[in-house]
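User: I am new to protein models and would like to learn how to read one. Could you walk me through it step by step?
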Amino acid sequence: MNNGAGIAFQILQSVFVVLAAPLLVGWVNQCRAWLQNRSAPSILLPYYTLAKLFHKDAVIARDASPLFRVTPYVLFGCMWLAAGIVPVLATGLPFAPAADIIALVGVFALARMFSALAAMDIGTSFGGLGARREMLIGFLAEPAMLMTLFTAAFISGSTQLTTIVDTLAHRDFAIYPSLAFAAVAFLMVLLAENARIPIDNPTTHLELTMVHEAMILEYSARHLALIEWAVAIKLFAYMTIGIALFAPWGIASAGDWSALPYAFAVLAGKLALAGAGLALIETLLAKLRLFLAPEFLSSAFLLAVLGMLTHFLVQA
Amino acid sequence: MPLLAQFVNLLAAFLLLLAFAMLSQRRVLTLIKLLAWQGAALALSTAIVAWSTGQTHLYWSALLTVLLKVILIPWVLHRLIDRLFVRWDVETLINIPTTMLIGIGLVIFAFALATPITQMATTLTRSTLGIALASVLLSFLMMIVRRKAVPQVIGFLAMENGLFFAATSATYGMPLVVELGVALDVLVGTFIFGIFFFHIREQFDSLDIRHMETLKED
């Protein structure tokens with residue numbers, strides 16, 4: 001692999017993810033509106049919202065510490081880093097060896113820790129409440145996420161995401177019961193981690209139920225814009241991790257310019273399907289009570305463990 | 001590994017998943033649906049084993065499974081819970097996340113137990129023996145942790161499903177006469193259980209089997 005081409009691919013992918021992430025959120029919102037028989041907002045609405053927020057003056061609470069100001073940038077940075085590591089368009093990127101799947105989960109955990117600290121920093125009751133709930137969900141979701149990733153790692157014999165994708169994409173066709181378990185578990189973790197419906201409702205501001213919204217209630221203007229953007233990138237990153245693990249066909253390898261248009265088209269198709277699927281799940285399910293969240297996430301953990309055990313038993 | 005064996009493995013994994021879903025389910029009505037699904041997966045896997053090994057009597061047992069476990073028994077159970085008015089939530093002795101953790105322990109135990117047997121077997125689907133054993137144990141667990149009579153019977157039927165699957169995966173099925181006998185026993189058992197439900201409720205005004213632990217003087 002040519003080094004310069006690899007770096008060009010890396011830059012292309014990182015910029016692409018950051019620019020395309022709000023579009024994915026717009027698409028999910030549009031699908032959801034259609035399914036709920038409402039007239040859908042423009043698919044570009046998240047971009048307009050971001051532009052609007054960047055033009056406003058920020059209001060910051062009197063007692064806010066520097067941590068509160070820094071957090072949006074940390075969040076955005078973490079998510080951007082994650083987007084650079086996940087093989088979205090191509091495998092074998094020069095940035096990929098920087099972190100394996102365990103470190104990737106660590107990057108997400110770092111972002112979560114900062115947002116929880118910033119929420120408690122102001123000292124409002126909503127912030128503390130949201131932070132506590134977020135940590136509860138996070139500490140239950142993380143083991144399930146790791147187990148899911150380990151199942152894929154066992155099959156391919158490596159914890160490097162790019163190696164896993166290479167192995168899974170270029171194998172003979174085979175049915176992997178363990179991956180089917182892992183895929184269901186991953187879907188449940190994705191819903192929980194991205195504050196989606198059975199766990200949290202991204203559109204509500206009802207104090208009894210909100211988790212993520214309660215944490216960012218004090219943010220405004222450019223800080224809020226950065227957080228919203230980071231949330232969009234997080235959703236994008238999670239979906240592409242899911243695609244990379246469970247449906248990796250059509251991905252290019254770094255430096256192969258000719259495979260790039262095809263990889264783009266395949267990725268767009270998969271993401272459109274995944275976004276529509278997410279909207280469908282959010283329309284069909286009702287939000288769980290907060291105290292049922294441990295049950296939901298322990299089911300995810302259980303499925304992931306079962307996947308791993310099944311892998312050892314049937315060797316597939 | 002041939003594709004058909006892989007497919008049987010997938011169905012085995014599905015059976016295990018259903019066993020866990022039953023363990024975590026709170027509603028009687030959904031439990032019955034899951035039981036029917038388990039029967040369907042069982043019938044499909046039996047048919048695949050029959051096709052890949054050319055054992056014609058397995059077709060008969062697959063057909064019998066569909067008739068009995070997918071259609072007849074769920075229908076009988078539906079009628080029963082309609083007439084007993086027990087559609088509501090199931091009570092458990094232990095809370096559900098703990099039950100599922102115990103379930104994982106059981107699965108590990110069953111897999112460890114099955115591995116040496118698997119290495120001696122020569123059948124195409126030998127690796128699914130551990131899963132069959134695990135679903136038997138999980139149904140056992142379900143019978144232990146449920147308080148009401150109807151879920152316990154569903155656990156019993158699920159256990160029979162697991163045993164049947166173990167038979168097909170380890171030895172390509174028992175002789176047809178034995179299978180017919182077992183199927184008939186299960187059917188008759190379901191009917192007798194149904195009659196018992198009414199008796200239990202008449203005697204104790206509830207289907208909670210805790211009441212049966214206290215002795216009656218008369």
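**Reading a predicted model**

Analyst: Gladly! Let's start with one residue: setting aside neighbours within four places in sequence, A:L140 is in contact with A:P294, A:L297 and A:S298. Keep in mind that this is a predicted model.

User: Where does A:L140 sit, and is A:L140 buried or exposed?

Analyst: A:L140 belongs to helix α5 (residues 125-156) of chain A. To judge burial, we count C-beta neighbours, and 20 or more within 10 Å make a residue buried. A:L140 has 21 C-beta neighbours inside 10 Å, so A:L140 counts as buried. There is a distance to look at too: A:L140 and A:A192 are 52 residues apart in sequence, yet their C-alpha atoms are 9.5 Å apart in space.

User: How does A:L67 count by its C-beta neighbours?

Analyst: A:L67 has 13 C-beta neighbours inside 10 Å and therefore counts as partly exposed. A:L67 lies in helix α3 (residues 66-85) of chain A. Not counting residues up to four places away in sequence, A:L67 touches A:L117, A:A118 and A:D121.

User: Now the whole chain, please. Which elements does chain A have, and in what order do they run?

Analyst: Chain A has 11 helices and two strands. Starting at the N terminus, the order is α-α-α-β-α-α-α-α-α-α-β-α-α.

User: How do I read the overall shape of chain A?

Analyst: Compare its radius of gyration with the value for a compact globule. For 316 residues that value would be near 20 Å, and chain A has 19 Å, which agrees. The C-alpha trace of chain A spans about 60 × 45 × 40 Å along its principal axes. Buried residues make up 48% of the 316 residues in chain A. Another thing to read is the contacts with a separation of 6 or more: in chain A, 81% of them are between residues 24 or more positions apart.

User: Finally, how do α3(B) and α7(B) lie relative to each other?

Analyst: Look at the angle between the helix axes. For helix α3 (residues 56-84) and helix α7 (residues 176-204) of chain B, the axes come within 10 Å and cross at roughly 5°. An angle under 35 degrees counts as roughly parallel, so α3(B) is roughly parallel to α7(B). The contact of α3(B) with α7(B) has 11 nonpolar, four polar and two charged residues. Among them are B:W60 and B:L64 in α3(B), and B:L187 and B:F197 in α7(B).

Definitions and conventions. Residues are numbered from 1 along each chain as its sequence is written. Chains are lettered from A and ligands numbered from 1 in the order in which they are written. This is a predicted model: local features need pLDDT of at least 70, side-chain atom pairs count only at pLDDT 80 or more; totals for chains, interfaces and linings use all residues. Helices (H or I, at least four residues) and strands (E, at least two) are DSSP runs, numbered from the N terminus. The radius of gyration is taken over C-alpha atoms; the globule rule is 2.2 Å times the number of residues to the power 0.38. A residue is buried if 20 or more other C-beta atoms lie within 10 Å of its own, exposed if 12 or fewer, and partly exposed in between; C-beta atoms are placed from the backbone. Two residues are in contact if their C-beta atoms, placed from the backbone, lie within 7 Å. Axes are lines fitted to C-alpha atoms, for helices over the stretch in contact, and angles run from 0 to 180 degrees between N-to-C directions. Angles under 35 degrees count as roughly parallel, over 145 as roughly antiparallel, 65 to 115 as roughly perpendicular and the rest as oblique. Ala, Val, Leu, Ile, Met, Phe, Trp, Tyr, Cys and Pro count as nonpolar, Asp, Glu, Lys and Arg as charged, and the others, Gly among them, as polar.
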